[in-house]
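Let's take a friendly walk through a protein model together. Have a look at the structure below, and then read on for a guided tour of its parts and its pockets.

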Amino acid sequence: SAYDLAVLSRAIIHGEPDVYHMYSQKSLTWNGITQQNRNGLLWDKTMNVDGLKTGHTSGAGFNLIASAVDGQRRLIAVVMGADSPKGREQQAAKLLHWGQQNFDTVQVLQKGQKVGTERIWYGDKEQIKLGTDQDFWLALPKAEVSRIKAKYVLDKKDLEAPIAANQRVGEISLYDGDKVGHYPLVTLESINKGGVFSRMSDYLHHEL
């Protein structure tokens with residue numbers, strides 16, 4: 001499907017950066033024979049297209065996976081079953097322009113960003129800061145960016161010391177009505193085991 005091809009293309013772009021640059025080459029000469037790249041969008045200087053793949057069979061028609069860089073974001077367009085090489089390029093260009101005009105790539109979570117605090121038992125502190133240890137970006141329709149809300153849930157009901165920093169303790173979910181993303185919730189600090197009397201006090205409050 002077009003979706004599967006887009007997922008595969010994203011894996012190539014992010015997983016094989018040392019190889020991906022070859023898809024932007026406009027021609028290749030081997031053994032005295034020069035082959036032109038059939039992705040005509042590479043010659044359009046307004047599009048910033050740098051790949052990815054063309055294809056054609058009599059049954060499937062003319063197909064194109066086009067990827068373009070737009071500022072800090074990358075867009076991937078998949079066209080299948082076009083009637084001609086020019087037709088697949090025109091449809092891919094329309095999809096890329098539509099993505100540029102209607103979507104924003106926004107940083108939804110920042111490394112080290114606190115999203116909440118929770119009670120921690122048997123530690124040398126009573127509260128622990130929770131958040132994320134990575135930067136996360138999400139492509140969203142422009143109209144939905146301001147409506148994004150974050151919630152989190154813990155993997156276990158109670159947190160107990162000692163606990164290390166950057167330890168996963170739950171999941172952060174982002175919503176705009178429906179869930180649009182989920183990310184690991186981690187501790188932003190380490191909490192050591194508390195003293196004997198503080199642990200005894202916690203036991204009385206927590207267990208009894």
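Keep in mind as you read that the model is predicted.

Between domain 1 and domain 2, the count of salt bridges is zero.

Now for the empty spaces. Rolling a probe the size of a water molecule over the atoms shows where empty space is left.

| Pocket | Volume | Lining by class | Largest share of the lining |
|---|---|---|---|
| Largest pocket | about 900 Å³ | 14 nonpolar, four polar, three charged residues | β5, six residues |
| Second largest pocket | about 360 Å³ | five nonpolar, eight polar, two charged residues | β3, four residues |

Start with the largest pocket, which holds about 900 Å³ of space. It is lined by 21 residues, and the closest to its centre are Arg10, Arg74, Leu75, Ile76 and Ala139. Two or more lining residues come from each of α1 (2-15), β5 (73-82), α3 (85-102), β6 (103-109) and β9 (136-141). Domain 1 and domain 2 each give at least three residues to the lining of this pocket.

The second largest pocket has a volume of about 360 Å³. Of its 15 lining residues, Met22, Gln25, Gln36, Asn37 and Arg38 are the closest to the centre. The strands β1 (27-30), β2 (33-36) and β3 (49-57) each supply at least two residues of this lining.

## A charged pair

Side chains of opposite charge can pair when their charged atoms come close. The model has four salt bridges by the rule used here. In one of them, the side chains of Arg74 and Asp50 meet at 2.9 Å, N to O. Arg74 lies in strand β5 and Asp50 in strand β3, so this pair ties together parts that are 24 residues apart in sequence.

## Where loops meet

Which loop holds Lys193? Lys193 lies in the loop between β13 (179-187) and α4 (196-207). Leaving aside residues up to four places away in sequence, Lys193 touches Tyr122, Gly123, Asp124, Ala161, Pro162 and Arg199. Take Pro162 from that list: although Lys193 and Pro162 are 31 residues apart along the chain, their C-alpha atoms are separated by 4.8 Å.

Pro162 itself lies in the loop between β11 (159-160) and β12 (168-175). Tyr122, another of the residues touched by Lys193, has its place in the loop between β7 (114-121) and β8 (127-131).

Some backbone details deserve a look here too. Most residues other than glycine have a negative phi, and most peptide bonds are trans. Tyr122, however, has a positive phi of about 70° although it is not a glycine. The bond that joins Ala161 and Pro162 is a cis peptide bond, with omega about 0°.

Key: Residues numbered from 1 in each chain as written. Predicted model: local features only at pLDDT ≥ 70, side-chain atom pairs only at ≥ 80, totals over all residues. Heavy atoms only, no water. 1 Å grid on protein atoms, 1.4 Å probe; cavity = no way out; pocket = protein on both sides within 12 Å on 5 of 7 lines; lining within 4 Å. Points joined across faces, edges and corners; volume = space filled by probe spheres on them. Nonpolar A, V, L, I, M, F, W, Y, C, P; charged D, E, K, R; others polar. Domains from an automatic or database assignment. Contact = heavy atoms within 4.5 Å.
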